[in-house]
Amino acid sequence: MESLQVRTGQISLRILDDAGEERGIFRFNPEDVESAKRVVELQSELEIKQSEFEQKAKFCSTPEEKVELLSETVAYFKNLVDQCFGEGSSKIVFGDANTLSMFYDFFEGIIPYYQKASEKRMSKYSTIPGGK
């Protein structure tokens, strides 16, 4: 029987914890236009929520209130990451960590893949047939 392999552009990254131990494999497809769209929306949402967090934190009167606000914000973003990349993705990427800065690190790590895929897509459509 013959076979056909369809290359989708999926990327697999080994995720290591702080000790260098493998936590799991994170898979995503930067060539998928819908995936790219969700990542842009997720990144925008992070910036909005970060601003909201800073505003709400000003009104927290106790350290416990600030910790609770941070916990809610982190849980919200972990849920968004799971919605965007699949259930369990946030656990693989972030483990048990709960900081806002980890989301920025995450985006700094994956955005170059999306930028490269976008440039590749755009170059296909920017060349004029016949070399003119």
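This is a predicted model: local features need pLDDT of at least 70, side-chain atom pairs count only at pLDDT 80 or more; totals for chains, interfaces and linings use all residues.
**Overall fold and dimensions of the chain.** Four helices and two strands make up the elements of the chain, and from the N terminus on they follow the order β-β-α-α-α-α. The radius of gyration of the chain is 19 Å, whereas a compact globule of 132 residues would have one near 14 Å. Taken along the principal axes, the box filled by the C-alpha atoms is roughly 65 × 40 × 25 Å.

**Surface and interior of the chain.** The chain exposes about 9400 Å², of which carbon and sulfur atoms supply 52%, and buried residues account for 30% of the 132 residues. Of the contacts between residues at least 6 apart in sequence, 56% join residues at least 24 apart.

**Close-up of Asn-29 in its loop.** Asn-29 sits in the loop that lies between strand E2 (22-28) and helix H1 (33-58). Because its relative accessible area is 16%, under the 20% cut-off, Asn-29 counts as buried.

**Polar contacts and surroundings of Asn-29.** The side chain of Asn-29 reaches the backbone oxygen of Thr-8 at 2.8 Å, and a polar atom of that side chain lies 3.0 Å from the backbone nitrogen of Glu-31. When neighbours within four places in sequence are left aside, the residues in contact with Asn-29 are Thr-8, Gly-9, Gln-10, Ser-35 and Tyr-114.

Key. Residues are numbered from 1 along each chain as its sequence is written. Side-chain values use heavy atoms; hydrogens and water are left out. Buried means under 20% relative accessible area, exposed over 50%, partly exposed in between (1.4 Å probe, protein chains only). A polar contact is a pair of N or O atoms within 3.5 Å; within protein, one must be able to donate a hydrogen and the other to accept it, and residues adjacent in sequence count only if both atoms are side-chain atoms. Contact means heavy atoms within 4.5 Å. The radius of gyration is taken over C-alpha atoms; the globule rule is 2.2 Å times the number of residues to the power 0.38. Accessible areas come from the Shrake-Rupley method with a 1.4 Å probe; for residues, only the protein chains shown count as cover.
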